Each structure stands twice: as C-alpha cells, then as structure tokens.
Amino acid sequence: MATSLSCSADQLASFFGPNATDATSAASLICSQLEAINNKFSDTAYAVDSTYLLFSAYLVFSMQLGFAMLCAGSVRAKNTMNIMLTNVLDAAAGGLFYYLFGFAFAFGTPSNGFIGRHNFALKSFPTSNFDYSYFLYQWAFAIAAAGITSGSIAERTQFVAYLIYSSFLTGFVYPVVSHWFWSVDGWASASNTGDLLFGSGVIDFAGSGVVHMVGGIAGLWGAYIEGPRIGRFDRSGQSVLRGHSASLVVLGTFMLWFGWYGFNPGSFTKILSAYNTGSYYGQWSAIGRTAVTTTLAGCTAALTTLFGKRILSGHWNVTDVCNGLLGGFAAITSGCSVVEPWAAIVCGFVAAVVLIACNKLAEKAKYDDPLEAAQLHGGCGAWGVIFTALFAKEKFVNEVYPGKPGRPYGLFMGGGGKLLAAHVIQILVVAGWVSATMGPLFFILHKLKLLRISPEDEMAGMDLTRHGGFAYVYHDDDDVQSNGIQLRKIEPTATTPSSV
C-alpha cells in the first residue's frame with residue numbers, strides 16, 4: 001500500500017501569510033480533509049487485498065471439485081460414490097477441525113517455533129495480522145492436503161478410517177508443518193522476524209513441501225500399511241486395475257489447473273503492494289509472473305510425460321499426461337514466485353522424469369496408489385523444494401521476502417549453498433514428522449481392524465456394500481455377475497509403437 005498522507009496544521013498555516021484571518025483553523029480544515037481522503041485510500045487498499053485473498057480462497061476451494069472428479073475417474077465404477085463421499089468429508093471434517101485447532105496451531109501468534117497457541121476456534125478474531133479471509137484461504141490449503149491422502153488409499157479403506165485420519169491431518173499434523181515454514185514464529189520460516197535458518201529460512205512459497213509432501217507422505221504410509229488392492233498386480237507384477245473414466249480424469253485435471261491460479265498466485269495474500277511508488281512494477285507484476293511460471297511448469301511436464309510414456313509404453317495415454325501436468329504444478333508450487341519463467345520449464349521437465357521414475361519404482365515394489373498421489377505429490381513436491389534452492393533469483397527473493405538484505409538465494413544463480421541446506425532440512429523434517437505421526441496412526445487403525453474393508457466388500461465394491469447402490473449402471477471387468485448393460489474396457493493389443 002502507498003505511504004500514508006501526512007499533514008500538520010502548524011506547518012500548513014505558515015503558508016497562508018499575514019493577511020489570513022484564521023490561518024490555523026483553515027489549515028486544520030484542509031488537513032482534516034486530507035486525512036479523510038487518506039483513510040479512504042487505506043480502506044480501499046484493505047478491501048482490495050481482502051477481496052483478492054477471498055477470490056483466491058474460492059479458487060483453491062474449487063480444487064476440491066477437481067480432486068473429486070480426478071479420484072472418481074481413477075477408481076473403478078463400483079467405488080465411485082465412496083471416493084466422492086470421502087472428498088466431501090475431507091472438506092467438511094477439515095473445516096471443523098481446522099477452525100477448532102488447526103489455524104491456532106499453524107498461525108496462532110505469539111508462539112514458539114514449533115507450534116502456535118492462540119486463536120483456537122478463532123478466538124479474538126480478527127486481529128491486526130489476520131482477517132477471516134486469511135482463515136478461509138488457509139483452510140482451503142489444509143483440506144487440499146487431506147484430499148491428496150484420500151486418493152492413495154482409495155477403493156479399500158473403511159469409512160471411519162477416512163474420518164479419523166482426515167481430522168487428525170487437518171487439525172494437527174499439517175498445521176504444525178505450516179507453522180514451521182509459514183508462520184512468522186516458525187523455526188524455519190523465511191518470514192521469521194528473528195534469526196533465520198542458515199540466514200535464509202525455507203522458501204516454500206505455496207507449499208511443495210508444506211502441502212504436497214505432507215499429503216503425499218501420509219498417503220504413502222496409508223497405502224503401504226493397507227497393501228495393494230485385490231487383483232492390482234498379475235503374476236508377472238504388471239499393473240492390472242485401471243480407472244473407469246478418462247473423461248472424469250481430464251475434467252478433474254482442468255479444474256485443478258484452474259484452482260492452481262489461486263493456490264500459487266494467491267499465496268501472496270495481497271495484491272496492492274508497490275515495490276517502487278509510482279511505478280508500473282509492483283506485487284501485481286510478481287503475481288502475474290507467478291501465474292506464468294505455474295503455467296509453464298505444468299505444460300512442460302505434460303508434454304514431457306506424453307512423449308516419455310509414448311517411448312516407454314507405445315501409447316498416447318491421457319491419464320498419464322494429466323498426472324504429469326499435475327506433477328509439474330506440484331513441483332513449481334515452492335518456487336513459483338522467485339524463479340524466472342525459463343526456470344519453470346526446467347522444473348516441469350524434471351518433475352515429469354521424477355514422476356515416471358517414481359511410478360516405475362512403485363510398480364517394482366508392488367506399491368498400490370490408485371491416483372499416484374504419493375509419487376506425484378511426494379516425489380514431485382520434494383523435487384520442487386530442491387528446485388527452488390537451485391534457481392531462486394536474488395531480485396525476486398528480496399521482493400517477495402523483504403527486510404532481510406543479503407539473504408541467500410539459488411545455488412545455480414550465484415547465491416551459494418545455504419538455501420539448499422535449509423531446503424534439504426525441510427525435506428527431512430517433513431518426511432520425519434509425517435512418518436512419525438501418520439504412520440503410527442494408520443498402523444493402529446490397521447491393528448484395530450478399522451483401516452481396510454473385508455475382501456468380500458472389496459470385490460463387490462463399496463458403493464454396493466457401504467453406500468446402498470452404484471453411482472450409475474456400469475459393471476467392471478472383474479464383476480462376476482452382470483445386470484443390465486455391461487461396458488467393457490478394451491486394452492491396446494499392439495506391442496510396438498504404431499505410426500503416428
């Protein structure tokens with residue numbers, strides 16, 4: 001926001017000259033009018049920033065629809081209602097638990113470096129630091145992390161387990177991580193008002209580590225402890241089960257793409273901030289650049305995946321392309337505000353390679369993740385954290401994180417290795433924290449027989465056994481009985497790539 005206008009009646013009165021009958025009163029009147037104008041400008045600035053943040057929150061929340069469509073298309077038809085309901089509950093349960101505990105643990109200030117301790121249930125809200133729009137925005141982020149995890153354990157998880165893990169993740173696990181890296185009190189935050197980790201703190205602008213790694217690693221543990229779905233791999237170890245609707249996958253991907261423009265550019269939280277007063281260049285320019293880097297990373301990853309999978313499998317696979325696109329978005333999320341557009345292309349290219357490699361590793365280990373969530377969000381998210389430490393530009397870092405001159409920046413941009421060291425620590429502590437909290441939770445649920453459904457229910461499908469019927473009249477190939485019209489999936493038979 002521009003510098004406030006100032007006016008002193010005594011100073012202004014000296015300009016009226018000796019012929020003025022009441023110079024002080026006239027000067028006071030003028031100053032009062034200027035002060036009123038200044039207050040209007042201030043009010044407008046707050047309103048513009050709040051509206052921008054609310055609009056960004058709406059965009060991020062719309063990603064829940066994207067998650068729902070993506071999940072529905074990636075599972076078999078007999079589990080469609082189940083996975084859709086879990087997405088609804090991620091938002092609903094997450095809303096209550098983030099309101100009661102999550103926001104306070106994440107941003108309740110003043111606090112220590114580990115966890116927040118104020119503003120439970122939005123007590124004493126709003127404050128000079130946070131308004132309701134900020135809470136709504138951060139809640140949308142929290143439920144995004146929970147939505148990532150639900151995809152990893154789809155098609156075989158009991159309903160009560162979804163409720164328990166989602167509430168725990170959004171109410172405690174995720175908020176602690178976001179406090180570490182985003183709160184002004186966080187021990188590794190780049191916005192910390194005290195000493196910074198390695199003189200820089202962690203630059204995880206919109207959450208490649210905070211959101212995507214947390215959701216991905218939580219899903220990794222859930223899927224590992226549950227084990228693969230029945231029939232997931234054949235005797236040769238090849239993947240067998242596939243999602244039932246590429247159309248829903250594409251629809252969900254485009255919805256997520258749209259929402260990412262609130263996820264990354266919206267993380268500035270303010271738009272009306274000038275870097276140099278009276279200039280065309282300000283925070284609005286940085287927001288535009290962030291949208292561009294986000295777009296380029298996703299597009300590059302999609303094309304790299306398209307041709308990479310064509311070489312490896314011989315097919316143009318739309319589902320793989322959609323996952324590659326999302327992998328590029330997950331990777332650029334950390335450094336989207338502090339890198340040049342050309343660097344985003346590098347980010348997207350490597351993200352696609354990382355995703356393909358992680359999927360190959362998962363297949364060899366017979367790890368079953370119906371949405372590739374752990375590989376996509378965990379693997380590509382970790383790459384995004386490293387990428388930022390390599391390519392963050394000094395000018396952009398000082399603009400986005402002002403007040404700390406001489407802050408380290410990207411290694412490949414001449415900024416030394418301190419930022420990289422901080423980001424390696426982030427990867428280690430996020431992986432350790434999520435493993436230490438979500439791993440035991442899933443293990444306890446497994447031992448209490450609250451995690452996985454019975455083999456009979458799994459074969460019949462949870463829509464029928466748990467939700468009263470199918471989402472639509474459709475039967476998968478592995479269904480024993482056929483009632484009504486049967487739609488069959490026809491797999492490609494070519495063993496070598498055909499001509500384009």
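Guide: Buried means under 20% relative accessible area, exposed over 50%, and partly exposed in between, with a 1.4 Å probe and protein chains only. This is a predicted model in which local features need pLDDT of at least 70 and side-chain atom pairs count only at pLDDT 80 or more, whereas totals for chains, interfaces and linings use all residues. Residues are numbered from 1 along each chain as its sequence is written, and side-chain values use heavy atoms, with hydrogens and water left out.

Visitor: Is Glu 372 buried or exposed?

Guide: Glu 372 lies in the loop between H10 and H11; helices (H or I, at least four residues) are DSSP runs, numbered from the N terminus. Although Glu 372 is not a glycine, its phi is positive, about 55 degrees. Its relative accessible area is 17%, so Glu 372 is buried.

Visitor: Which residue with a positive phi follows H10?

Guide: Most residues other than glycine have a negative phi. After H10, a positive phi near 55 degrees belongs to Lys 366.

Visitor: How far apart are the end C-alpha atoms of helix H10?

Guide: The expected span of a helix is 1.5 Å times one less than its number of residues. Helix H10 covers residues 341-364, 24 residues, and should therefore span 34 Å. The model agrees, with the end C-alpha atoms of H10 separated by 35 Å.

Visitor: Against which helices do the buried residues of H10 pack?

Guide: An α-helix has 3.6 residues a turn, so residues three or four places apart point the same way. The buried residues of H10 include Ala 344, Cys 347, Ala 351, Leu 355 and Asn 359. With contact taken as heavy atoms within 4.5 Å, the buried residues of H10 pack against helix H8 (283-313), helix H9 (318-332) and helix H11 (373-391).

Visitor: How many disulfides does the structure hold?

Guide: A disulfide is a pair of cysteine sulfur atoms within 2.5 Å. For Cys 358, the nearest cysteine sulfur is that of Cys 380, 6.7 Å away, and Cys 358 is in no disulfide. Cys 358 is partly exposed at 23% relative accessible area, whereas Cys 322 is buried at 7%. The number of disulfides in the structure is zero.

Visitor: Which residues does a cis peptide bond join, with omega about -5 degrees?

Guide: Most peptide bonds are trans. Pro 126 lies in the loop between H3 and H4. The cis bond with omega about -5 degrees joins Phe 125 and Pro 126.

How values were computed. Helices (H or I, at least four residues) and strands (E, at least two) are DSSP runs, numbered from the N terminus.
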